[in-house]
Amino acid sequence: MKKDCLEIVRSKCESCTGCALAKTRKNVVFSDGNPSTAKIVLIGEAPGEMEDETGRPFVGRAGQLLNEFLSNAGISRDEDVYIINTVKCRPPENRVPTEEEQSACRKFLNAQIDIINPRAIVLCGATALKTFVQLDKKQTISKVRGQWMTINVDGKDYRAITIFHPSYLLRNNSMADGSPRRLMQEDLANIKNEILPDIDHSMDSNDVVFMESREIAMV
Ligand code: SF4
């Protein structure tokens, strides 16, 4: 059911010429993840070069780093997370999407959130945060990240939290206490505990097969 609804949105998105980014894109980057099992919607800024080439979000170096952090926190990118961006087409030179572009693309973003109906929304980086929250001058992403809040999307409230964008972490390698990478690790552990306490990926399918065969051998 969710997949069918999303396919309708995807097909509209793929033929969209609602802003100037349609002229320079190679592919519309609609989403990644399993809509039937995802409990979290993770929202990034915009597709980059690799994403534009492949049509999938978060597949470049930043995406690989995100995969590592998710996996280490016990969050499955394939099962638990539905990944989207504030705009579906790549801004030239990877610039930040303009307010007009974000506004033109907002209907797709809102529709995706509504269909997935997640337990929580994870805002990945400052652009995603500013799409939903008006910040005052003292509020930087460093101060806001890691704090649970409520955001309203088309009249419905969702729990939400902000994390650093992994591209920022590519430039900050330290895992020392208080470093961006350490804070990212803590934020994802917080998200896992709060939103996915009932989900355990510690046993993969090979473990299950192994255990079943052991039980059969013991009978
Ligand atoms: S970024 Fe969004 S609004 Fe702009 S052309 Fe792509 S799909 Fe349409």
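User: Where is threonine 140 found?
Analyst: Threonine 140 is in the loop between H5 and helix H6 (141-144). This is a predicted model.

User: Buried or exposed, threonine 140?
Analyst: Threonine 140 counts as exposed, because 11 C-beta neighbours lie inside 10 Å and the class takes in residues with 12 or fewer.

User: And how are the C-alpha atoms of threonine 140 and aspartate 4 separated?
Analyst: By 38 Å, with the two residues 136 apart along the chain.

User: Which other pair along the chain do you have? Say, glutamate 186 and alanine 73?
Analyst: Those two are 113 residues apart along the chain, and 8.7 Å separates their C-alpha atoms. Glutamate 186 is part of helix H8. It counts as partly exposed because it has 16 C-beta neighbours inside 10 Å.

User: Stepping back, how many helices and strands in the protein?
Analyst: Nine helices and five strands. Along the sequence the pattern reads α-β-α-α-β-α-β-α-α-β-β-α-α-α.

User: What radius of gyration does the protein have, against a compact globule?
Analyst: The protein has 18 Å; a compact globule with 219 residues would have one near 17 Å, so the two agree. Along the principal axes, the C-alpha atoms fill a box of roughly 65 × 45 × 35 Å.

User: What percentage of the residues is buried?
Analyst: 37% of the 219 residues. As for contacts between residues at least 6 apart in sequence, 73% join residues at least 24 apart.

User: What's in the largest nonpolar core?
Analyst: That core has 48 residues, and those with the most contacts inside it are Val41, Leu42, Ile43, Val81, Val122 and Leu123. The elements giving two or more residues to this core include strand E1 (40-44), strand E2 (81-85), strand E3 (120-124) and strand E5 (156-163), as well as helix H3 (61-72) and helix H8 (180-195).

User: Which element gives the most to this core?
Analyst: H4, with six residues.

User: Take valine 122. What does it touch?
Analyst: Leaving out residues up to four places away in sequence, valine 122 touches Ile40, Leu42, Ile161, Ile163 and Ile191.

User: Now the strands. In which sense do E3 and E5 pair?
Analyst: Parallel, over five bridges. Leucine 123 has threonine 162 in E5 as its bridge partner.

User: How do E4 and E5 run, parallel or antiparallel?
Analyst: Antiparallel, with five bridges joining strand E4 (residues 149-153) to E5. Isoleucine 151 is opposite tyrosine 158 in E5. The hairpin of E4 and E5 has two residues between the strands, and in this hairpin aspartate 154 takes a positive phi near 50 degrees.

User: And E1 with E2? How many bridges join them?
Analyst: Five, and the two strands run parallel. The bridge partner of valine 41 in E2 is tyrosine 82.

User: How many of the residues in E2 are buried?
Analyst: Five of its five. On one side these are Val81, Ile83 and Asn85, on the other Tyr82 and Ile84, so both faces of E2 are covered.

User: Back to phi. What is the value for phenylalanine 58?
Analyst: Near 55 degrees, which is positive in a residue other than glycine. Phenylalanine 58 sits in the loop between helix H2 (49-54) and H3. It is buried, because 28 other C-beta atoms lie within 10 Å.

User: And asparagine 94, what phi does it have?
Analyst: A positive one of about 60 degrees, although asparagine 94 is not a glycine. Its place is the loop between E2 and H4.

User: Why does asparagine 94 count as partly exposed?
Analyst: Because it has 14 C-beta neighbours inside 10 Å, whereas a buried residue needs 20 or more and an exposed one has 12 or fewer.

User: Last topic, the ligand. How many residues surround it?
Analyst: There are 14, and the closest are Cys16, Gly18, Cys19, Cys89 and Cys105.

User: What classes are in the shell around the ligand?
Analyst: Ten nonpolar, two polar and two charged residues.

User: Which element gives the most to the shell?
Analyst: H4, with three residues.

Definitions and conventions:
Residues are numbered from 1 along each chain as its sequence is written. This is a predicted model: local features need pLDDT of at least 70, side-chain atom pairs count only at pLDDT 80 or more; totals for chains, interfaces and linings use all residues. Helices (H or I, at least four residues) and strands (E, at least two) are DSSP runs, numbered from the N terminus. The radius of gyration is taken over C-alpha atoms; the globule rule is 2.2 Å times the number of residues to the power 0.38. Two residues are in contact if their C-beta atoms, placed from the backbone, lie within 7 Å. A nonpolar core is a set of buried Ala, Val, Leu, Ile, Met, Phe, Trp, Tyr and Cys residues joined through C-beta atoms within 7 Å. A residue is near a molecule or strand if its C-beta atom, placed from the backbone, lies within 6 Å of it. Ala, Val, Leu, Ile, Met, Phe, Trp, Tyr, Cys and Pro count as nonpolar, Asp, Glu, Lys and Arg as charged, and the others, Gly among them, as polar. Two strands pair if DSSP finds at least two bridges between them.
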